[in-house]
Amino acid sequence: MTVTTAQPMAPGWKRALSDGAMIITIVYLLLYAIYASSEPSALSVFSISSLINNTAPLALAAAGATLVIICRGFDLSVAGVVSVTNVVMAVMPLEGPWGALGSLAICLAIGGFIGLINGFLVAYLKLQSIASTLGVMIVCQGVALVILDAPGGWVAEWVSYELTDVLFGFLPVSGLILLGVVGLWLLVLRSNLGLAIYAVGADETSAGLSGIATRRVRLLVYVGAGLLYACAGYMLSAQTATGNPNAGTPFIILTFAAVAIGGTSFAGGSGGLIGSMIGAATLMLLQKVLFSTGVASFYTGMFQGLILVLAILFRGSIVALATRRGSG
């Protein structure tokens, strides 16, 4: 009788608790409770909007990296794209809403072009994704230094003020942008492309035999990642209001940490953008928690690594327990 009851419940229970987005959301809420207990203004509109503004660049970068990882690839060019788009924004400040759209179009063109190069190298020339995207990243970093050889320049005031502002007194603009990306992802999941991305990541040979154009799917994934990296550079420029040819360097580690914390498997075929974006938010929130509790800033990396390890161990334990219960 006990076995009969547990078997139908196990699949739903397993899906719920082993889902990376759910687990990291719980971690995020616990961290926010700690933050709110030590910082009286944690629930104010200003504090929330500031946190979302800080989160937006990393969340967008993590979303792009997740696309590639789901498709069983790896993309180190995130740092290069962020750096190039950031310095372009700083040396070409276009004012007003139309200027902001023009700047965004330029950034997207840069990100899409770099993604196209990555996709061609990996999907059509069959080069290793780590090696080829590392080379592209190095080239991009060099280009960023040619455009702006030292931190400086300025970002258009409309971009830096309006994109980090709040609408109607309580809606952060950057938060709406992140929700827009989530909405697009949900649409992709319902499309044939979404199914193909997961199929190629799970088993490229079987996906090809079933009629999926695997090379084209990989190419589109890298282009999509490049576009999201460009958005990350765009939002970073709005946040910092200046340019730095090394602006993308911190993204190399933090981006993939956010992906891992969010529950996406580096083996491909599982995970999702939402978990990675919440993972990015968790890493950014951790910095504020440490600051508000009086912990020295140089401990930040250690605690970020600890959160990463604990999240992965917890998820692995839950999956193992759910599998054991389901088979029992």
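Modeller: Happy to! Let me start with contact, which here means heavy atoms within 4.5 Å. With that in hand, 80% of the contacts in the protein chain with a separation of 6 or more are between residues 24 or more positions apart. The model is a predicted one, so local features need pLDDT of at least 70 and side-chain atom pairs count only at pLDDT 80 or more, while totals for chains, interfaces and linings use all residues. Residues are numbered from 1 along each chain as its sequence is written, and side-chain values use heavy atoms, with hydrogens and water left out.

The protein chain holds 14 helices and 2 strands; these are DSSP runs numbered from the N terminus, with helices being H or I of at least four residues and strands E of at least two. Of its 328 residues, 47% are buried. Buried stands for under 20% relative accessible area, exposed for over 50%, and partly exposed for what is in between, using a 1.4 Å probe and protein chains only.

Two packed helices are described by the angle between their axes and the distance between the axes. The axes are lines fitted to C-alpha atoms, for helices over the stretch in contact, and the angles run from 0 to 180 degrees between N-to-C directions.

Take H4 (residues 78–91) to begin with: it packs on H6 (residues 129–147) at an angle of about 15°, and their axes are 8 Å apart. H4 is therefore roughly parallel to H6, on a scale where under 35 degrees is roughly parallel, over 145 roughly antiparallel, 65 to 115 roughly perpendicular and the rest oblique. H4 passes H6 in a left-handed crossing; left-handed means that the near helix is turned anticlockwise from the far one by less than a right angle, and right-handed that it is turned clockwise. On the H4 side, the residues that meet H6 are Ala79, Gly80, Val81, Ser83, Val84, Val87, Val88 and Val91, and their partners in H6 are Met137, Cys140, Gln141, Val143, Ala144 and Ile147. By kind, the residues of this contact of H4 with H6 are 11 nonpolar, 3 polar and no charged. Here Ala, Val, Leu, Ile, Met, Phe, Trp, Tyr, Cys and Pro count as nonpolar, Asp, Glu, Lys and Arg as charged, and the others, Gly among them, as polar.

H5 (residues 96–124) is the other partner: its axis and that of H6 come within 9 Å and cross at roughly 150°. H5 and H6 are therefore roughly antiparallel to each other, and this crossing is right-handed. Ile114, Ile117, Asn118, Leu121 and Val122 in H5 meet Ser129, Ser132, Thr133, Val136 and Cys140 in H6. That contact of H5 with H6 divides into 6 nonpolar, 4 polar and no charged residues. Cys140 of H6 is listed in the contact with H4 and again in the contact with H5.

Val146 is also in H6, but it is exposed, with a relative accessible area of 73%. Its C-alpha atom is separated by 9.8 Å from that of Val87, 59 residues apart along the chain.

Tyr229, in helix H11, is buried at 0% relative accessibility. Leaving out residues up to four places away in sequence, Tyr229 touches Ala61, Gly64, Ala65, Asp75, Ser77, Val78, Val81 and Val82.

Thr255 in helix H12 (residues 251–261) is another buried residue, with a relative accessible area of 0%. Apart from neighbours within four places in sequence, Thr255 is in contact with Leu58, Ala61, Ala62, Ala65 and Val78.

One last stop is the loop between H3 and H4, where Arg72 is found. Most residues other than glycine have a negative phi, yet Arg72 has a positive phi of about 55°. Arg72 is partly exposed, with a relative accessible area of 44%.
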